[in-house]
Amino acid sequence: MIEPFGNQYIVARPVYSTNAFEENHKKRDRHHKTFLDHLRVCFSCSPQKAKRIVLSLFPIASWLPAYRLKEWLLSDIVSGISTGIVSVLQGLAFALLVTIPPGYGLYAAFFSTIIYLFFGTSKHISAGPFPILSMMVGAATVRLAQNFPGNTGSSNNSTSNSSSLDDYKVTVAASVTVLSGVIQLALGFLRIGFVVIYLSESLISGFTTAAAVHVLVSQLKFIFQLTVPSHEDPCSIFKVLYSVFSQIEKTNIADLVTALIVLLVVSIFKEINQRFKDKLPVPIPIEFIVTVIATGVSYGFDFQTRFNVSVVGKMNPGFEPPNAPDVAVFQETIGDCFAIAMVGFAVAFSVASVYSLKHDYPLDGNQELIALGLGNIVCGAFRGFAGSTALSRSAVQESTGGKTQIAGLISAIIVLIVILAIGFLLEPLQRSVLAALALGNLKGMLMQFAEICRLWRKDKYDCLIWVTTCIFTIVLGLGLGLAASVAFQLLTIVFRTQFPKCSTLANIGRSNIYKNKKDYYDMYELKGVKIFRCPSPIYFANIGFFRQKLIDAVGFSPLRILRKRNKALRKIRKLQKQGLLQVTPKGFICTVDTIKDSDEELDNNQIQVLDEPIDTTDLPFQIDWNDQLPLNIEVPKISLHSLILDFSAVSFLDVSSMRGLKSILQEFIRIKVDVYIVGVDDDFIEKLNRYEFFDGEVKTSILFLTIHDAVLHISMKKDYSTSKFKPSQEKDGKIDFTINTNGGLRNREYQILPLNIVVKVPFHSVSVVERAYLLDLKLHTQSLSTSIFSTSVNDNSIFLKLIKPKNPPGNPIDSRFKI
């Protein structure tokens, strides 16, 4: 029963162990689905299910019939044109990262967008080339191209590249793209898109930042127009930098000046677009403007002839026929392809999630995998390269008013026009301009270095993941760096759970609230009781740490105490059998001074015997281990008699930890320390029963619903009369508490009468609620009309020892316990 009362509440209920609770509250029989049940549902068929499957596989069938032609079409057209222009330029620029002719970047921009139109669930992202993925595909391409016959590994512009090497690079890039798409498609159909959760936000941020550094370094050769050998082994970024700066005197000044001017102009106008995005109807298409100007200037002044600059070169109109991928490439690049598939999906899904939350529509992660996978397969078949979504391009599509993927269709039409009709106009464009445009899109990723300070303030582990991922990726390369970063991230999870911040709890506020006793002032703990909390799963890696922390909390090793007692018991039993030991009401009397047996003789090959439960049934007397023993036998004395383990934050135990936990409990039980486990849920208990955790020694009666239930049970069982207060709470050793008008607690002095009153109350006459009330009252020494200083319970009666306090005027008297 709960009675509200201002901003407080009063709860009256029995003290519940888990067994008692289940006796009073019958559990509902629930049918848990088996694997066969799930298979039966999966393979069942109905018209509704068929319709649902079709709509999930073809999301366009859901939103296209509901398209608002008059309201959305104009916005989608404007957005599509703006996005299409950006797609053309980024496709050309990012093709340089793949180390293939720029024209193939248009294929990647076109096919990815078309496929995503039919299969994607996001209405706002722009599918297509992404610089990080392009860099990853380029890394695999360069590695395989090094073994191509006739490749010197030192050529960078089209004039020195053979057509056969270019064709081989295109084939490798396309094959890598197809295999990446197959992996994404398989993950989508198997409904295991959740694997991307292993790429945390910190890891993705650190990885993309490091990849942006790789992109920056890779574009220096186009900006300076230098011949730089390709490197793919670890630390290759430093070798590339060495190659660039060792021949810096060979820089083509025309390319350098053009790239710097383009980069400066693009950066300025991007900042203007960002700062005045609320006032501008559409972002200024600065990439398109500078591309048109740079192409016109290069063509008009014949930069290729006069300054020997590197240009885009011949762009064949139309599409090349689709080709089958090279299976031999699959065998060499399976690791790269898996990394490309995961990173591509993680980036696309994270960007899509932002827009889905902003515009309030659902997003299907598995369907996104299918859409991206099909897009990469088709794109690779037509000699394109892997795509995802570029953050800047998606931002253009959304900020210019795009409502649906019709904007993506318009942008694909713009790319198609360039491929079929006007691509030749871009032939005089300098490659250094494309490199500058690629670098202009890296600002957002390079600015992520500011994440270090923010993460350090919020979470040290996440900051460490970010920094380590960035360093690994820069030093080891994209593929190995990503693998090492994921491994390190999983290792941090092990560290977090392997070394949990265990704590000892105590009561706060004279209530049913228990907190870390190091954190608050107004706290006390019952004498002889320890409450230990573990805030993480317990498994094979941290069970040893858990044991040590528990020993530190209680102040002794139960196994050591058990062995000491068993040793002493063997000595006492031997003396008793020899008639050398007598027991009197005042203690032991021993007729000898020493014992011949040494500890070594007793322990010789019998260490397991010392770990057995202490059995004194054959002795005619009981041994008080905290009292003086005969012959000055030394056994450590312990004041602890009850241990409460708060497992409310323990989500699971494995088999190894379960055996270790049971061993710990048995050690405490064998030295007469009662152990209680509180806060576990029903699934946890079912698992313990399934693994036969409970037996005649460790019983189910140790389970309690809450800490307070266990504390009240201990109080009833052990008959405590005082609590252990802090010195600041003591006043002449006599403190009493009463409830004031605002529900808090205040001190009041009391005087002890010459003759204390002892009352015997028949147990059956006290209701369950009143019994709990009495125990709780006694536990916290709260007094209304009397102070209860001791109670004891047997099968028939409750004994209350009461003292009369000074009763301030106006203090209410509880008539139920008035003497």
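Which residues is Phe-224 in contact with, leaving aside its neighbours within four places in sequence? The first legend below gives the answer, and every view is taken from a predicted model.

**Figure 1**
Leaving aside neighbours within four places in sequence, Phe-224 is in contact with Val-244, Ile-248, Lys-250, Thr-251, Asn-252 and Leu-256. Phe-224 counts as buried because its relative accessibility is 14%, under the 20% limit. Ala-254 is 30 residues from Phe-224 in sequence, and the two C-alpha atoms are 9.0 Å apart in space.

**Figure 1. The whole protein, for orientation.**
The protein has 31 helices and 18 strands. Of its 819 residues, 48% are buried. Among contacts with a separation of 6 or more, 79% join residues 24 or more positions apart. The accessible surface comes to about 41200 Å², and carbon and sulfur atoms account for 60% of that area.

**Figure 2. The largest nonpolar core, with Met-136 and Leu-199.**
This core has 104 residues, and Met-136 and Leu-199 are those with the most contacts inside it. Helix H15 (residues 327–359) gives the most to the core, with 11 residues. Apart from this core lies another, of 48 residues, which includes Trp-625, Ile-638, Leu-661 and Val-680. In soluble globular proteins, nonpolar side chains tend to be buried together. Beyond its neighbours within four places in sequence, Met-136 is in contact with Phe-207, Ala-339, Ile-340, Val-343 and Leu-478.

**Figure 3. Helix H24 (residues 543–554) and its cover.**
H24 has 12 residues, and the distance from its first C-alpha to its last is 17 Å, close to the 16 Å expected at 1.5 Å a residue. The buried residues in H24 are Ile-543, Phe-546, Leu-550, Ile-551, Ala-553 and Val-554. Seen down the helix axis, the buried residues of H24 fall within an arc of 160°, so they line one face of the helix. An α-helix has 3.6 residues a turn, so residues three or four places apart point the same way. The cover over the buried residues of H24 includes strands S5 (503–508), S8 (529–533) and S11 (642–646), together with helices H25 (558–577) and H28 (655–670). Just after H24, Gly-555 takes a positive phi of about 90°.

Not counting residues up to four places away in sequence, Phe-488 touches Leu-464, Ile-465, Thr-468 and Phe-472. Leu-464 is 24 residues from Phe-488 along the chain, and their C-alpha atoms are separated by 9.7 Å.

**Figure 4. Helix H5 (residues 69–97) and Thr-99 just after it.**
The 29 residues of H5 should span 42 Å at 1.5 Å a residue; the end C-alpha atoms are 39 Å apart, which agrees. Thr-99 is in the loop between H5 and helix H6 (104–119). Phi of Thr-99 is near 65°, a positive value in a residue other than glycine. Most residues other than glycine have a negative phi. With a relative accessible area of 19%, Thr-99 is buried, the limit for that class being under 20%.

**Figure 5. Arg-191 in the loop between helix H8 (163–189) and helix H9 (201–218).**
Arg-191 is another residue other than glycine with a positive phi, here near 60°. Is Arg-191 buried or partly exposed? At 47% relative accessibility, Arg-191 counts as partly exposed, a class that lies between 20% and 50%.

**Figure 6. Stretches with pLDDT below 50: residues 720–765 and residues 780–819.**
The mean pLDDT of the protein is 81, and 82% of its residues reach 70 or more. Over residues 720–765 the pLDDT is below 50, and the model gives this stretch 112 contacts beyond near neighbours in sequence. Over residues 780–819 the pLDDT stays under 50 as well, and the model has 123 contacts for them beyond four places in sequence. Where pLDDT is low, the predicted coordinates should not be read in detail.

Key: Residues are numbered from 1 along each chain as its sequence is written. This is a predicted model: local features need pLDDT of at least 70, side-chain atom pairs count only at pLDDT 80 or more; totals for chains, interfaces and linings use all residues. Side-chain values use heavy atoms; hydrogens and water are left out. A nonpolar core is a set of buried Ala, Val, Leu, Ile, Met, Phe, Trp, Tyr and Cys residues joined through side-chain atoms within 4.5 Å. Buried means under 20% relative accessible area, exposed over 50%, partly exposed in between (1.4 Å probe, protein chains only). Helices (H or I, at least four residues) and strands (E, at least two) are DSSP runs, numbered from the N terminus. Contact means heavy atoms within 4.5 Å. The expected span of a helix is 1.5 Å times one less than its number of residues. The arc is that of the directions from the helix axis to the C-beta atoms. pLDDT is the predictor's confidence in each residue, from 0 to 100. Accessible areas come from the Shrake-Rupley method with a 1.4 Å probe; for residues, only the protein chains shown count as cover.
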